[in-house]
Amino acid sequence: MHPEDRGVAHHGLARVDLDFAKAQLSLMTNQVYLHPNGQIPAYEWNFSDVNPPVHCKAIWQVYLMERSFRGKADRAFLESQFHKLLLN
């Protein structure tokens, strides 16, 4: 699946299972999958392709959805993703 699709898919996934969507977004920014410079790969085999900031938007949308659905957002999740997304 293309990274743009993955970022957009998590928005829909969050409507069904917020915790799973957050886990998948965290997995995408896990250091095991990131390039040493912090870039999220566009494809499994190509770090040179540039990604639009869909992961930032997906994480922000999941954060807002959780605040709307549960009455309280997971700020720790947002903060844990912030630094990794700054590198990207």
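User: Tyr-63: buried or exposed?
Analyst: Tyr-63 counts as buried, at 12% relative accessibility. Keep in mind that this is a predicted model.

User: And how accessible is Trp-60?
Analyst: Trp-60 has a relative accessible area of 42%. That makes Trp-60 partly exposed.

User: How are the rings of Trp-60 and Tyr-63 arranged?
Analyst: A search of the whole structure turns up one aromatic pair. In that pair, the ring centres of Trp-60 and Tyr-63 are 5.3 Å apart. Their planes sit at 25°. The cut-off for stacked is under 30 degrees, so this pair is stacked.

User: Where do Trp-60 and Tyr-63 sit in the helix?
Analyst: Both are in α3, three residues apart. That separates them by about one helical turn. An α-helix has 3.6 residues a turn, so residues three or four places apart point the same way.

User: Let's zoom out. How many helices and strands are there?
Analyst: Four helices and zero strands. Along the sequence the pattern reads α-α-α-α.

User: What share of the residues is buried?
Analyst: 35% of the 88 residues. The protein exposes about 5600 Å², and 58% of that comes from carbon and sulfur atoms.

User: What's in the largest nonpolar core?
Analyst: It has 13 residues. Those touching the most other members are Ala-14, Leu-18, Leu-25, Ile-40, Ile-59, Val-62 and Phe-77. Helices α2 (18-28), α3 (54-70) and α4 (75-87) each supply at least two residues of this core. In soluble globular proteins, nonpolar side chains tend to be buried together.

User: Pick Ile-59. Which residues does it touch?
Analyst: Leaving out residues up to four places away in sequence, Ile-59 touches Leu-25, Phe-77, Leu-78, Gln-81 and Leu-85.

User: Now α2. Which of its residues are buried?
Analyst: Leu-18, Ala-21, Lys-22, Leu-25 and Met-28. Note that a lysine, Lys-22, is among them.

User: Why do they end up on the same side of α2?
Analyst: Because they cover an arc of only 120° around the axis.

User: Last one. What caps the N-terminal end of α2?
Analyst: Asp-17 does. One of its side-chain oxygens lies 3.3 Å from the backbone nitrogen of Asp-19.

How values were computed. Residues numbered from 1 in each chain as written. Predicted model: local features only at pLDDT ≥ 70, side-chain atom pairs only at ≥ 80, totals over all residues. Heavy atoms only, no water. Buried < 20%, exposed > 50% of the residue type's maximum accessible area, 1.4 Å probe, protein only. Areas by Shrake-Rupley, 256 points an atom, 1.4 Å probe, with all protein chains shown as cover. Core = buried A, V, L, I, M, F, W, Y, C linked by side-chain atoms within 4.5 Å. Contact = heavy atoms within 4.5 Å. Arc of directions from axis to C-beta. Polar contact = N/O pair within 3.5 Å; in protein donor to acceptor, adjacent residues only side chain to side chain. Phe/Tyr/Trp six-rings, centres within 6.5 Å; stacked < 30°, edge-to-face > 60°.
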